[in-house]
Structures are given as C-alpha cells and as structure tokens.
Amino acid sequence: MSAAPLFSPFPYFGGKRRAAPLIWPLLGDPAGYVEPFAGSAAVLLGRPAFKGRRTETINDADGWLVNCWRALQQAPDDVAAYAWGPVTEIDYHARLAWLQARRTPELVAWLEGDPEVHDPKAAGWWLYVLACGIGDPFGKGPWRVVDGHLRKLPHLGDAGQGVNRELPHLGDAGQGALEAYFSRLQQRLQRVRITCGDWRRVVQPSVTRSGCGGDGSRAIFLDPPYATSGDLYAESSVGIADAVREWCMTADPALRILLCGYDDEHDALLRHGWTVSQGKAGRGAGYAVRSDNGRRERLWCSPSCVGVRQASLLELAT
C-alpha cells in the first residue's frame, strides 16, 4: 500500500484529517478496524502504511455519502466523468434538486440490500454539489423540481447562515487528474467493507471480532454528531452521542476504542477506566461556528488503547 497521503475528495464538517496522526498511535496496527460514523473517512485514509491485509469497515447513515464511497471503490473513472466540469449555477441547482428528490428511505434500503450496489452518476453529481456549494448544500433550500422543471420556491429565514469560505471545486484539477486520484482511492478502498445504516450494526461482535494481520487487536473510532453541536446535524442525530457513550460503558474491554466529543460530554467514561486526551483534534473543515471549537475537542480513550496511560494527545502532538 502506498505511503503517500490520501485525502477525501469532498469537504466534510467534522472531518478528522489533521487528527489522524494523533489517533493512530493510540490505535496501533489493529487487525480489525471499524468507523461507524465514516463521513469523509479521514482517519481510515490517514492510516499509516501497512503490509498484508487488514479487515476494515466503514459505515454511515447518509445514503448518498455511502454511494459515493462505493462508486469510488468500484467505478472511479465513471465518477470522475460525472464530477468533472465547470461551475455553473444551473447545473449546481439542477443536480442538487435531482439528488434531493431521490433521498428517500428507499435509498438506504437499496444500499443495505446489496453491499456492491452503487450509482456512479449520483456519486459524481454529489461530489460536484459538495465542491460547488457553500455551507450545507443539502439543507432545505429554495430549489425543487416541479412538473419536470426547476423552480425556486419562497424560502426565508436562512439569510446570513453561510460558512467562512468557499469550498474547492473538483473540476479545477482537470478530469485526467481526477481519474488518477480516484484510481488511488480505489486501490486504498479495494478491500474495505462499506456499509450504510445505523451505527449499532457495525459494533456488533460479528463485525468487531473480524480481523487479520497487524498486531491482532481490534479498534473502533467513534465520531458521532456532538451533543453540543446544535443544529449542525440533522434532527435524526439528536441523542446519538449519548447512545454511543452508553454503548462504550459496556463494550468489550479488549477493544481499542476512541470516542470524539466536546468539553466534558463523555467524562462519565472516566469512571469505567477510560482516559481523556485534551487538545485540538483537527476538525478543520472551515464550518466551525465557534473559533475555539478545536480547543474544546477531546478524545476519550478506552483502557486498551496503546500507551493511553503514558501519553496524552497533547504530548503525542509535540
């Protein structure tokens, strides 16, 4: 596996790209690795190079996000062809409306029903929308397809809720460069298991006990929607952080588990032998509504994490 760094091809709120070098010393080289809240899969992509095979599983509840990773895994050139192109307002709104109209419960059911099913056109258009948009392009917004035509409906109340900066556009690199980069992502994802659904499905023993090679351990990286993040996530995310913390309290003590959060929201784990590392965890997507969010972030480490009692996150960063 190439040691050259790989980054997600789309911007994502809460990505842990800059934290990956701090995370992997705590996880070691696990034979089995699971990301139940994959998002941009920044930690997986930031894993140090290894030889041989490992069992790696990433999961997310967002159907179009999971479709993107699967399509990059199986049809990267097709995804590049659909993602590449100039930024035009009408294409942006039309593709966004097309994706939103198909974001239904059937989307997740379709992805759950077949671990290989994917739609490269939808993946490319999803990447295009994320790269061209500002803030959360998948909010309610004003655009809908009505009788086969794109219509702008009355939409009030969101004025001034943008983000700090525009996002990079994939097309700036040229289609050939995209195909080359997506090919590298395909190679990295070749043996990664990519699932779509509730996070609890991938923390079951049938998943967490799988593994091969490495140091023989099993690791789980948990980055749920933060309980203190307000309306930055969908309403369906309410209470997830609490449920994850409750699961961690009774998890297999042999698992190396890292749980992300703000301030003291998961300090109840300290009574169960966990430790907390303080310091900037590197969300770094440019969407933060508070300038001190990085300093508020914490990593709660299960007792089995590598050297967890000998080094804090701040010490590892120096």
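Mentor: Gladly, and please keep in mind throughout that this is a predicted model.

Trainee: Which residue does Arg 201 form a salt bridge with?

Mentor: Its partner is Glu 112, and the closest N and O atoms of the two are 3.9 Å apart. Arg 201 sits in the loop between strand S5 (193-196) and helix H9 (205-208), while Glu 112 belongs to helix H6 (residues 105-113), so this pair ties together parts that are 89 residues apart in sequence.

Trainee: And Glu 112, how exposed is that?

Mentor: Glu 112 is partly exposed, with a relative accessible area of 40%.

Trainee: How many salt bridges are there by this rule?

Mentor: The count comes to 12 salt bridges. As for why such pairs turn up, side chains of opposite charge can pair when their charged atoms come close.

Trainee: What about Glu 56 and Arg 47, how do their side chains meet?

Mentor: They meet in a salt bridge, with 2.8 Å from N to O. Glu 56 has a relative accessible area of 4%, so it is buried, and Arg 47 also counts as buried because its relative accessibility is 6%.

Trainee: Which residues are linked with those two in a network of salt bridges?

Mentor: The network of salt bridges links Arg 47 and Glu 56 with Asp 29, Arg 54 and Arg 188.

Trainee: Where do Asp 242 and Arg 245 lie?

Mentor: Both of them lie in helix H10 (residues 240-249), three residues apart, which is about one turn of the helix. Asp 242 is partly exposed, with a relative accessible area of 37%, whereas Arg 245 is buried, at 12%.

Trainee: OK, switching to packing. At what angle do H5 and H7 pack?

Mentor: Helix H5 (residues 89-101) and helix H7 (residues 120-132) pack at about 125°, with their axes 9 Å apart. That angle makes H5 oblique to H7, and the crossing in which H5 passes H7 is left-handed.

Trainee: Which residues meet there?

Mentor: From H5 the contact involves Asp 91, Tyr 92, Arg 95, Leu 96, Trp 98 and Leu 99, and these meet a group in H7 that includes Trp 125, Trp 126, Tyr 128 and Val 129. Sorted by class, the contact of H5 with H7 has 10 nonpolar, no polar and three charged residues.

Trainee: How close do the axes of H3 and H8 come?

Mentor: The axes of helix H3 (residues 63-74) and helix H8 (residues 175-189) come within 7 Å and cross at roughly 95°, which makes H3 roughly perpendicular to H8. On the H3 side you will find Trp 69, Leu 72, Gln 73 and Gln 74, and they meet Phe 182, Leu 185, Gln 186 and Leu 189 in H8. The residues of this contact divide into five nonpolar, three polar and no charged.

Trainee: One last thing: is Thr 208 buried or exposed?

Mentor: Thr 208, which is found in helix H9, counts as buried because its relative accessibility is 8%, and the cut-off for buried is under 20%. Leaving aside residues up to four places away in sequence, Thr 208 touches Val 202, Val 203, Arg 218, Ile 220 and Leu 255.

Key. Residues are numbered from 1 along each chain as its sequence is written. This is a predicted model: local features need pLDDT of at least 70, side-chain atom pairs count only at pLDDT 80 or more; totals for chains, interfaces and linings use all residues. Side-chain values use heavy atoms; hydrogens and water are left out. A salt bridge is a side-chain nitrogen of Lys or Arg within 4 Å of a carboxyl oxygen of Asp or Glu. Buried means under 20% relative accessible area, exposed over 50%, partly exposed in between (1.4 Å probe, protein chains only). Helices (H or I, at least four residues) and strands (E, at least two) are DSSP runs, numbered from the N terminus. Axes are lines fitted to C-alpha atoms, for helices over the stretch in contact, and angles run from 0 to 180 degrees between N-to-C directions. Angles under 35 degrees count as roughly parallel, over 145 as roughly antiparallel, 65 to 115 as roughly perpendicular and the rest as oblique. A crossing is left-handed if the near helix is turned anticlockwise from the far one by less than a right angle, and right-handed if clockwise. Contact means heavy atoms within 4.5 Å. Ala, Val, Leu, Ile, Met, Phe, Trp, Tyr, Cys and Pro count as nonpolar, Asp, Glu, Lys and Arg as charged, and the others, Gly among them, as polar.
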